[in-house]
Amino acid sequence: MLYLLARGVEENELYYFELDENGIAYRQVTVTDGRSLVSAAPDFMLSEKVVERYEGDEDISREAFQAIWQKATAPCKAAFEQAKQRFLPGDPVTGTIAMFYPQGVIIKLSDEVYAVADDAPLRAKSKREEMYPGYIVQGTIQGYEEDNFWLVLADCTIIGKKSGA
């Protein structure tokens, strides 16, 4: 992974990215006027296109990115620790597709608990029209993704559409 600090158009905007070799953002911290928004819950602020480099952007170390990331996500850590005690590996769960990220399908289990599922296996056994936000997914807790505070799901199946979605 590559790590980048980009300055925004406004003087008070900073963007910290974790990027793959193609410029796809996997994690992001956006700092404006001292307030941080992150690509994990609750903000889900992640660049939807390839991140281009501009004059003045700086490569930073993984450690520098991690320091910013940990500070920005600190308020989310307690809820994730509680979720890990509540949702154990092997437990069956049901949630709703919230969005799609480079890491996989993001599934909302509750207001504070999100999970990630591998996109390819879910697509392979689902109809194209079901692979959208609002569809209900059943799966099994496989583990935890500590960087983004997500539960990791396996053996996922789409079982219907949330009413009103």
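Me: Which strands close into a barrel, and in what order?

Reply: The model is a predicted one. In it, 5 strands close into a barrel, and their order is β6-β7-β8-β10-β9. Their pairing is mixed, and from one strand to the next the twist averages 55°.

Me: What makes β1 and β2 paired strands, and in which sense do they run?

Reply: They run antiparallel and are joined by 6 bridges, where at least two are required. The strands form a hairpin with 5 residues between them, and L5 has Y16 in β2 as its bridge partner.

Me: Which residue of β3 does Y16 stand opposite?

Reply: Y16 stands opposite V29 in β3, while F17 stands opposite Q28. Strands β2 and β3 pair in the antiparallel sense over 7 bridges. They too form a hairpin, with 5 residues between them, and G23 in the turn has a positive phi of about 85°.

Me: How many bridges join β3 to β4?

Reply: There are 4 bridges, and the two strands run antiparallel. T32 has R35 in β4 as its bridge partner. This hairpin has 2 residues between its strands, and D33 in the turn has a positive phi of about 50°.

Me: Why is E21 called exposed?

Reply: A residue is called exposed when its relative accessible area is over 50%. E21 has 67%, and therefore it is exposed. Its place is in the loop between β2 and β3. From P89 it is 68 residues apart in sequence and 32 Å apart in space, C-alpha to C-alpha.

Me: What makes β2 and β3 mostly covered?

Reply: The term buried requires a relative accessible area under 20%. In β2, 5 of the 7 residues are buried; in β3, 7 of the 8 residues are buried.

Me: What span would a straight helix of 25 residues have, and what does α1 span?

Reply: A straight helix of that length would span 36 Å, whereas α1 (residues 62-86) spans only 31 Å between its end C-alpha atoms. Helix α1 also has a kink of about 65° at A74, shortly before the proline P75.

Me: Which residues of α1 are buried, and what covers them?

Reply: Among the buried residues of α1 are F65, W69, C76 and F80. What covers the buried residues of α1 includes β1, β2, β3, β4, β9 and β10.

Me: Which residues touch the most other members of the largest nonpolar core?

Reply: L151 and L153 do, in a core of 22 residues. Helix α1 and strands β6, β7, β8, β9 and β10 each supply at least two residues of this core, and β10 gives the largest share, 4 residues. Another core, of 16 residues, lies apart from it, and its members include L19, A25, A41 and L46.

Me: What is L153 in contact with, leaving aside neighbours within four places in sequence?

Reply: Contact requires heavy atoms within 4.5 Å. On that basis the partners of L153 include V93, I107, A115, V116 and I141.

Conventions. Residues numbered from 1 in each chain as written. Predicted model: local features only at pLDDT ≥ 70, side-chain atom pairs only at ≥ 80, totals over all residues. Heavy atoms only, no water. Axes fitted to C-alpha atoms, helices over the stretch in contact; angles between N-to-C directions. Expected span 1.5 Å × (residues − 1). Bend = angle between axes of the 7 residues up to and from the residue. Buried < 20%, exposed > 50% of the residue type's maximum accessible area, 1.4 Å probe, protein only. Core = buried A, V, L, I, M, F, W, Y, C linked by side-chain atoms within 4.5 Å.
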